[in-house]
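Visitor: Hi, can you walk me through this one? I'm new to reading structures, so please keep the words plain.

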Amino acid sequence: MKRNKGLQHPTSTPAAMANPGRRRWIAQSAQRLAGAGLLTLVDPLVRAGAWAAGSDAPEKPEVRIGFIPLTDCASVVMASVLGIDKKYGVKITPSKEASWAGVRDKLINGELDFAHVLYGLVYGVHLGVGGPKKDMAVLMALNQNGQAISLSQQLKDAGVTDGASLARQMSTQKRDYTFAQTFPTGTHAMWLYYWMAAYGIDPMRDAKVITVPPPQMVANMRIGNMDGFCVGEPWNARAISDKVGFTAATTQDIWVDHPEKVLGTTADFVTRYPNTARAVTAAVLEAGKWIDASAENRRKTAETVAAKSYINTDMSVIVDRMLGRYANGLGKTWDDAHAMRFYGDGAANFPYLSDGMWFLTQHKRWGLLKEHPDYLAVARQINRIDVYKQAATAAGATLPAADMRSARLIDGIVWDGSNPAAYADGFKIKA
C-alpha cells in the first residue's frame, strides 16, 4: 500500500516553519481556535506543520503503541500503514499484545509508549483497581459502538434468542452459567453486566463471570467453557461463522454511540513528551477520519487489519460489520445505523468527561470501588482534553460544543454526568 505523504501548504513548509516567530504565531492561533470550541478548523496554517518542526517537534520520534487483535485497533494500524504518522513527525510501531493485562503491565513499566486500550482499564489503573496504581491519561477515544454479546449454540438450541429469553432460561433451568468478559474493569465487563441487569439477571449472583483475552473467546466457547461472552469484533462475527454462537445484542443496543477503546498512556509520558503525545493523537485522529471517509476506505482497512500481523482472521469476518451489515446467526440481517465508527465528525474521538465518569459509576455499582470517588475531578485528571484540542486543531477535526454529553441507555435510565453518585447508587441490581 502506498504511503500517503499528505499535502503541504506553502506556509507550513520547512522553510516557513524554521521561522520561530511564524511558528509561535501559528501555534498560538491554533490554541485560540481550539479553546474557542469552533466546530471545524480547516486552515492548513494550524495543522501538522505547526507542530512538526523546531521546538514543537515530537521529543520522541519513534513510539510503540500496543494493541489487541480487535477491529477497533484500526486507526492505530492505519496511522502507521498509510504514513500519516510521518506527517506529524513520528514513527508509530504497532505492537501486537496477547491480553489486556499485558497491555496494562507494559504501559506501566514503559515497554509501551501508548496503547489501544479499554476505557475502564485506564480508569481502574489510575485508582489502583485491577492492577498497580499509576496516574494515567486518556488522549482520545478511538471508536464508538461495534462490540457485541454472543451466546452459545447450546442456549440457541434451548430457545434463547435475547436477554429476556436468557433470563427465563436461567430462572427455570437451574445450573451454573458462565459468561466471559475481557478485563474486570474494562468496557466489555461493563456492557455485559449492564445488559444482564437490564433483564433482571444479577451478574454477580446468578452467574459466574470469567476473564478471557479477546482472541481466545471463540475457542473457549467451542469447547464449552462458557455460555456467553462480550467482546469486540471480529470475534462475535467469528462465533457465528464458526457455528459456535450467535449475537444476542450489540453494544450499541445498550448505549447508542457509546465510548469504547481509547488511546491511553501514563500521565508521566504526557508530562515528559507533550509534543509526542499531541503528534501521535493527531496522527491517529486523522487515520480515524480517513477510515470513516468512505466505504472503500473501510474495505481497505478491513483488508489491512485482517493480516496475520494484526488480527489474523479472514477479511470476510471483519468487513461486513465494519460496513454496518449485520447478521445475528438467528436469521436476522440488518444495516446498523450505529455500527463502529472511528471519527463520526469528531464525536467518536472527543474524550468527554462524562464518558470517563460513567465507567467510574459502574465500577462503584459492581463493587470494584468501595467508596464514591470525586467523579469529575478524576475524569479531569485522566481525560487530557487540552492535548486533544491541540491535536484536533492539527488534524482539522471537529470539536463538540461541550465536555459532557447525555444518553438514554437500554434500561431507560438517562446518564448525563450531573449526579454520578446518585446514578451509581440508584440501580436496583448492584453489588
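This is a predicted model: local features need pLDDT of at least 70, side-chain atom pairs count only at pLDDT 80 or more; totals for chains, interfaces and linings use all residues.

Visitor: OK, how many helices and strands does the protein have?

Guide: The secondary structure comes to 20 helices and 14 strands. Of the protein's 431 residues, 58% count as buried.

Visitor: Back to strand 9. Which sense does it pair in with strand 5?

Guide: Antiparallel: strand 5 (residues 147–152) and strand 9 are joined over five bridges. Two strands pair if DSSP finds at least two bridges between them. Ser152 stands opposite Gly245 in strand 9.

Visitor: And what is the order of the five strands in the open sheet?

Guide: The order is 2-1-3-10-4, and the pairing is mixed. Strand 2 (91–96) and strand 4 (136–141) stand at the edges with a single partner strand each, so one side of each has no neighbour in the sheet. From one strand to the next, the twist averages 30 degrees. For these angles, axes are lines fitted to C-alpha atoms, for helices over the stretch in contact, and angles run from 0 to 180 degrees between N-to-C directions.

Visitor: Which helix lies across strands 1, 2, 3, 4 and 10?

Guide: That's helix 14 (residues 274–292), which runs at about 30 degrees to strand 4. Contact here means heavy atoms within 4.5 Å.

Visitor: New topic: at what angle do helix 15 and helix 16 cross?

Guide: Roughly 150 degrees, and the axes of helix 15 (residues 295–305) and helix 16 (residues 315–322) come within 9 Å. On the helix 15 side the contact residues include Arg298, Ala302 and Val305, and on the helix 16 side they include Met315 and Ile318. The residues of this contact divide into six nonpolar, one polar and three charged. In that count, Ala, Val, Leu, Ile, Met, Phe, Trp, Tyr, Cys and Pro are nonpolar, Asp, Glu, Lys and Arg are charged, and the others, Gly among them, are polar.

Visitor: What about the loop between those two helices?

Guide: Asn312 lies in the loop between helix 15 and helix 16. Asn312 has a positive phi of about 65 degrees although it is not a glycine. Most residues other than glycine have a negative phi, and most peptide bonds are trans.

Visitor: Is Asn312 buried, exposed or partly exposed, and what about Asn145?

Guide: Asn312 is at 44% relative accessibility, so it counts as partly exposed. Asn145, at 0% relative accessibility, counts as buried. Asn145 lies in the loop between strand 4 and strand 5, and its phi is near 65 degrees, also a positive value.

Visitor: Where is there a cis peptide bond?

Guide: One joins Glu233 and Pro234, with omega about 15 degrees. Pro234 is in the loop between strand 8 (228–232) and helix 11 (235–241).

Visitor: Last one: how many aromatic pairs are there?

Guide: A search of the whole structure finds 19. Rings of Phe, Tyr and Trp (its six-membered ring) pair if their centres lie within 6.5 Å; planes under 30 degrees apart count as stacked, over 60 as edge-to-face and the rest as tilted. Tyr193 and Trp366 have ring centres 5.6 Å apart and planes at 70 degrees, so that pair is edge-to-face. Tyr193 is buried, and so is Trp366.

How values were computed. Residues are numbered from 1 along each chain as its sequence is written. Side-chain values use heavy atoms; hydrogens and water are left out. Helices (H or I, at least four residues) and strands (E, at least two) are DSSP runs, numbered from the N terminus. Buried means under 20% relative accessible area, exposed over 50%, partly exposed in between (1.4 Å probe, protein chains only).
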